[in-house]
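Visitor: I'd like to learn how to read a surface patch and a chain interface. Can you walk me through it?

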Amino acid sequence: MGAIFRRELNAFFTSAVAYIFLGVFYLLSGFFFINSSIAGKTADMSGAFASAFLVLIFLIPLMTMKLFSEEKKQRTEQGLLTAPIGISSIVLGKYFATLVLYTIGISIFLVYALILEFFGSVEWTMVLANFVALWFLGAAFIAVTLFISSLTENQIIAAIVGFISLMVLYLIDSIATMIPVEFISKILTDLSFYSKYNEFVSGLFNLSSVLFFLSTAVLFNFLTARVFEKRRWS
Amino acid sequence: MVIQVKNLSKHYGEKKAVDDITFEVKDGEILGFLGPNGAGKSTTMNMLTGYISSTSGQALINGIDIMENPKKAKSYIGYLPEIPPLYVDMTVKAYLDFVYDLKKCRLSRTKHLQEIYDLVKITDVKDRIIKNLSKGYKQRVGLAQALIGNPPVLILDEPTVGLDPKQIIEIRALIKKLGKNHTVILSSHILSEIQAVCDRIIIINKGKISANDTTENLSKNMTNDHKIIAQIEGPREEVYKAVRAIKDVISVRADMNRGDNIYDYEIEAKPGVDIRKPLNKLVMERNWYILKLQPNELTLEDVFLKIVMGDSPKIEQELTDEKKAKILDEVLGKKPEDKKAEADKAIDEAQEKLKEVLNGITQKKPSEKTQKLNTSLNKKKTDKKGDEK
């Protein structure tokens, strides 16, 4: 796992991916931060955290799109799958490399909080709770889009399908209200990532939501490993 | 390190990519996989290396089943797939460092990697980005990654494809050298390569093993050195009868019409008897002409084509025997052992007629086949010439 983790992290920084992700994320989150906290003259960062959700829907598929699709296209996965390592090491190596880049990205929120500290007193428990929620949300999103990348060998398709999937997760509440059957709309609402994340933003730390994000991440990493297994057997 | 393959099959739906193959590779042996494109060479290698699973059967590397204990079995294997698994955005050094980590290699890093750089001669490109390398260098980097960790088994899928002749010779020499302390399986569709490098050859066609023997035996067994082909100008029937009458001639077959009264005759004599002189004498006496006289010797290339195209002389012979018996029964209307003397006479007569009939048949059918064989042979030859240029 270590070898793949290091290689992927290196590859992020030797290609443009890391710089595009970090640059765009800093730009957009900075814009929302200034717009809501600085311009609103408040030490409350919930506005910036709330808008991060939408930014991630666009940016996370960009990070993960080529991780598996390119391996398949360039036939490099053959090298990985015939090396004396398990499939889980391959999947987790890539997953954690992405997670590290993601963590570097969202750490900017802690910098924003420090900036606010100059102007007033920041509610640090609130900021940290929000930060943890954002981290777990991203952990789940990365697993979902990595899984999508493992299904195709075209990275553009992986990016678009990943984006659409995250968009559906974002809009699931609105979709739920359109469905007249009550128990289906209930299930959909329960699956809503956005309302769960919004609870944190509005100041409610809900452990079950953290577990929900975490189990999504585990589930999709497991599915990605299954995709590889299945390909071997078909 | 011994490799055992037992009844290995891979089916893709209805298509049998590899169909029940069994073979063994001994310690320190260089085995060549030979077969046309799509014969199942790569599929077999992919199963041996654990990249894909088998539908049924077993592949054991040093007694360890690749499906049951893949990590352990894979640690014995260095694999160079058909397309080398190179991360083209990395430098050669970074890539090989990565493979070193990936294989959890325990040899001293700098020393081991330097040995490999020297062995495959990539020291001067080690700081370059792989995508900027020429095909030959990429192939060498691919070979280098297979060698990392010094695995006792090397599986190389078409290692010389796309290289220039000088590089091919170098890689072949390298493989021969590696074969001294590794067990090597190598696939190719280039015969001369297999002939030059391998101790033993397995010919695969349509997912099945068609032949499995040492290089020498393979060409020896398939060579019909007691058969000669003679192109004689003269009336066919008379030539046929006269040649058949020569002492020690077992069978004669008018193979192909080459022109007005000119035919190719395939003459089979008793093993070890040279009938060229009596044949010459006969032809001179009768005022015919021998236009060509050649032993029916097969190169490994012919053997390969015969096996692959299913145009084995053995099968043809069996067929004619079968037909012969059938026609004999028809002609005689009774079984020969009833009245032996009468039957013998009748057989002689019948055989004459039969030969005529057969000639008619064989003239049509095999000539087509032979022509096909010839054209493909010629094509191969020209290809070869082109390669040499």
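Guide: Let's start with a nonpolar surface patch of about 630 Å², made by A:Ile34, A:Ile38, A:Val111, A:Ile115, A:Phe118 and A:Phe119. Patch residues have over 30% relative accessible area and no salt bridge, and nonpolar side chains (Val, Leu, Ile, Met, Phe, Trp, Tyr) are joined within 5 Å. Helix H2 (17–38) and helix H6 (108–119) of chain A each give two or more residues to the patch; helices are DSSP runs (H or I, at least four residues), numbered from the N terminus.

Guide: One caution: this is a predicted model, where local features need pLDDT of at least 70, side-chain atom pairs count only at pLDDT 80 or more, and totals for chains, interfaces and linings use all residues. Residues are numbered from 1 along each chain, chains are lettered from A in the order written, and side-chain values use heavy atoms, without hydrogens and water.

Visitor: Which helix gives the most to the nonpolar patch?

Guide: That's H6(A), with 4 residues.

Visitor: And how many residues of chain A are in contact with chain B?

Guide: Contact means heavy atoms within 4.5 Å. Here, 22 residues of chain A meet 26 of chain B that way.

Visitor: What about salt bridges between chain A and chain B?

Guide: Look for a side-chain nitrogen of Lys or Arg within 4 Å of a carboxyl oxygen of Asp or Glu. The count between these chains is 1: A:Arg6 pairs with B:Asp101, with the closest N and O atoms 3.3 Å apart. On the side of chain A that touches chain B, H4(A) gives the most, with 5 residues.

Key. Patches are made of residues with over 30% relative accessible area and no salt bridge: like charges are joined within 9 Å, nonpolar side chains (Val, Leu, Ile, Met, Phe, Trp, Tyr) within 5 Å. Accessible areas come from the Shrake-Rupley method with a 1.4 Å probe; for residues, only the protein chains shown count as cover.
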